[in-house]
Amino acid sequence: MNSAENSITKGFVLTAIGFFLLFLGFITKAIYENGAQPEFGGLVLIGPIPIVIGSSEGVSYSMLLLGLLIFAIYIFLWRTNR
């Protein structure tokens, strides 16, 4: 397997994990929080820099940790691909 195929495979796996976590979040939100005030958050990565948006401090903190985790995974995959 050459480097390009390896990168495509890693990208597909990371995308599939992201969709799975998104689906899992929707399911757990629907099951466990009936009638509670919803909280929302978002994460935008521009290069290695995370931009965090959240409706509360806890959600913003979680999004920041998620951004740092994604950044660490990116650096790890970039170094193993060299």
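Into which domains is the protein chain divided? From there, please describe the largest pocket and what lines it.

Reply: The model is a predicted one. Its protein chain is divided into domain 1, covering residues 1–35, and domain 2, covering residues 36–81. Taken over C-alpha atoms, the centres of domain 1 and domain 2 are separated by 14 Å.

Because domain 1 and domain 2 both give residues to the lining of the largest pocket, the pocket lies between them. The space within the largest pocket comes to about 1200 Å³. Its lining consists of 25 residues, and those nearest the centre of the pocket are G18, L21, L22, M63 and L66.

The lining may also be described by secondary structure. At least two lining residues come from each of α1 (3–32), β1 (41–46) and α2. Of the contributions to this lining, that of α1 is the greatest, at 10 residues. Sorted by class, the lining of the largest pocket holds 17 nonpolar, 5 polar and 3 charged residues.

One further residue gives a view of helix α2. S62 is placed in this helix, which spans residues 57–80. S62 has a relative accessibility of 40% and therefore counts as partly exposed, a class that lies between the limits of 20% and 50%. From S62 to I75 there are 13 residues in sequence, and the C-alpha to C-alpha distance in space is 20 Å.

Note on methods. Residues numbered from 1 in each chain as written. Predicted model: local features only at pLDDT ≥ 70, side-chain atom pairs only at ≥ 80, totals over all residues. Heavy atoms only, no water. Helix = DSSP H or I, 4+ residues; strand = E, 2+ residues; numbered from the N terminus. Buried < 20%, exposed > 50% of the residue type's maximum accessible area, 1.4 Å probe, protein only. Domains from an automatic or database assignment. 1 Å grid on protein atoms, 1.4 Å probe; cavity = no way out; pocket = protein on both sides within 12 Å on 5 of 7 lines; lining within 4 Å. Points joined across faces, edges and corners; volume = space filled by probe spheres on them. Nonpolar A, V, L, I, M, F, W, Y, C, P; charged D, E, K, R; others polar.
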